[in-house]
Amino acid sequence: MDQLPRRAANYVPLSPVGFLPRANAVYGDRTSVIYGRVRFTWSQTYARCRCIASSLLNLGVRKNDVVRTRRPTMAIWH
């Protein structure tokens, strides 16, 4: 497999931009996050990510801008 040249049929880089819409479409009602008693489905995770993205756009954040967050490392924030 390492010998094959990269083509659309055998190589697609993974990124959240492409992964989340597909996870929502294919596994929307399946669990994506479990943190104690809190559970989120892929549809909820996708909606939360879109909400955060929309908020960032409303604040003036654009492509190639750098955003830093400082928060506890907890699954509830994902």
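Contact is taken to mean heavy atoms within 4.5 Å. The structure is a predicted model, in which local features need pLDDT of at least 70 and side-chain atom pairs count only at pLDDT 80 or more, while totals for chains, interfaces and linings use all residues. Residues are numbered from 1 along each chain as its sequence is written, and side-chain values use heavy atoms, with hydrogens and water left out.

Under this criterion, Thr-45 touches Leu-20, Ser-32, Val-33 and Phe-40, residues up to four places away in sequence not being counted. Thr-45 is found in helix H2; helices (H or I, at least four residues) and strands (E, at least two) are DSSP runs, numbered from the N terminus. Thr-45 counts as buried, because its relative accessibility is 6%; buried means under 20% relative accessible area, exposed over 50%, and partly exposed in between (1.4 Å probe, protein chains only).

Two packed helices are described by the angle between their axes and the distance between the axes. The axes of H1 and H2 come within 8 Å and cross at roughly 145°, where axes are lines fitted to C-alpha atoms, for helices over the stretch in contact, and angles run from 0 to 180 degrees between N-to-C directions. Contributing to the contact are Phe-19, Leu-20, Pro-21, Ala-23, Asn-24 and Tyr-27 from H1, together with Trp-42, Ser-43, Thr-45, Tyr-46 and Cys-49 from H2. These residues comprise 8 nonpolar, 3 polar and no charged; Ala, Val, Leu, Ile, Met, Phe, Trp, Tyr, Cys and Pro count as nonpolar, Asp, Glu, Lys and Arg as charged, and the others, Gly among them, as polar.

A search of the whole structure finds 1 aromatic pair. The pair is formed by Phe-19 and Trp-42, edge-to-face, with 5.4 Å centre to centre and 80° between the planes. Phe-19 in helix H1 (residues 16-27) and Trp-42 in helix H2 (residues 42-58) are 23 residues apart, and the pair thus links distant parts of the chain. Rings of Phe, Tyr and Trp (its six-membered ring) pair if their centres lie within 6.5 Å; planes under 30 degrees apart count as stacked, over 60 as edge-to-face and the rest as tilted. Phe-19 is partly exposed at 43% relative accessibility, whereas Trp-42 is buried at 18%.

Arg-48 lies over the face of Phe-40, at 4.3 Å from the ring centre; this requires NZ of Lys or CZ of Arg within 6 Å of the ring centre and within 35 degrees of the ring normal.

Outside the helices, Asn-64 lies in the segment after H2 and is exposed, with a relative accessible area of 72%. The phi of Asn-64 is near 75°, a positive value in a residue other than glycine.
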